[in-house]
Amino acid sequence: MILVNTDYITGKNFEMIGLVKGSTIQSKHMGKDILQGFKNMVGGELKSYTQMMNEARELATQRMVQEATSMGADAIVNIRYASSAIVQGAAEVIAYGTAVKFI
């Protein structure tokens with residue numbers, strides 16, 4: 001599966017199949033949340049949250065690819081990511097794009 005954030009793939013002609021997406025809501029356990037709260041007071045990178053968001057993007061991407069595969073897609077173009085806070089310490093990440101089939 002080819003994944004790109006452009007609306008083309010050099011040297012490939014394709015037809016659009018449709019929108020695909022994958023999402024997840026992730027959180028850290030309360031202990032990590034408290035420790036990150038202390039870190040927030042003094043500044044610096046909140047490494048547990050960085051790791052959480054990286055894992056969430058990866059899972060959302062995998063789910064998007066699964067949906068595209070089930071539709072018979074060869075690639076996903078125009079991939080975008082969005083995130084939003086659900087509750088303190090938890091975030092939703094969604095990956096979305098256009099599934100395409102090579103012709």
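Biologist: Which residue stands opposite leucine 3 in strand 3?
Modeller: Isoleucine 76. This is a predicted model, where local features need pLDDT of at least 70 and side-chain atom pairs count only at pLDDT 80 or more, while totals for chains, interfaces and linings use all residues. Residues are numbered from 1 along each chain as its sequence is written, and side-chain values use heavy atoms, leaving out hydrogens and water.

Biologist: How many bridges join strand 1 to strand 3, and which way do they run?
Modeller: There are 2 bridges, and the two strands run parallel. Strands pair if DSSP finds at least two bridges between them. A strand here is a DSSP run of E with at least two residues, a helix is a run of H or I with at least four, and both are numbered from the N terminus.

Biologist: What order do the strands take in the sheet?
Modeller: The order is 1-3-4-2, in an open sheet of 4 strands with mixed pairing. Strand 1 (2–3) and strand 2 (14–27) are at the edges with a single partner strand each, so one side of each has no neighbour in the sheet.

Biologist: What joins strand 3 to strand 4?
Modeller: 10 bridges, with the strands antiparallel. Valine 87 is opposite alanine 90 in strand 4.

Biologist: And how many bridges join strand 2 to strand 4?
Modeller: 13, and that pair is also antiparallel. Strand 4 covers residues 90–102. Glutamine 26 has alanine 91 of strand 4 opposite.

Biologist: Switching to helices. What does helix 2 lie across?
Modeller: Helix 2 (residues 47–70) lies across strand 1, strand 2, strand 3 (75–87) and strand 4. Helix 2 runs at about 145° to strand 2. Axes are lines fitted to C-alpha atoms, for helices over the stretch in contact (heavy atoms within 4.5 Å). Angles run from 0 to 180 degrees between N-to-C directions.

Biologist: What pattern does the chain follow along the sequence?
Modeller: β-β-α-α-β-β, from 2 helices and 4 strands.

Biologist: How many salt bridges does the structure hold?
Modeller: 2. The term means a side-chain nitrogen of Lys or Arg within 4 Å of a carboxyl oxygen of Asp or Glu.

Biologist: Which residue pairs with glutamate 67?
Modeller: Lysine 21, with the closest N and O atoms 3.4 Å apart. Glutamate 67 is in helix 2 and lysine 21 in strand 2, so the pair ties together parts 46 residues apart in sequence.

Biologist: What about aspartate 74, which residue does it bridge to?
Modeller: Lysine 101, with the closest N and O atoms 3.8 Å apart. Aspartate 74 is in the loop between helix 2 and strand 3, and lysine 101 is in strand 4, so this pair ties together parts 27 residues apart in sequence. Aspartate 74 is partly exposed at 26%, and lysine 101 is partly exposed at 34%.

Biologist: Where is confidence lowest?
Modeller: In helix 1 (residues 30–42), at a mean of 52, while strand 1 is highest at 98. These are pLDDT values, the predictor's confidence in each residue from 0 to 100. Where pLDDT is low, the predicted coordinates should not be read in detail.

Biologist: What does the chain average?
Modeller: A pLDDT of 87, with 83% of the residues scoring at least 70.

Definitions and conventions: Buried means under 20% relative accessible area, exposed over 50%, partly exposed in between (1.4 Å probe, protein chains only).
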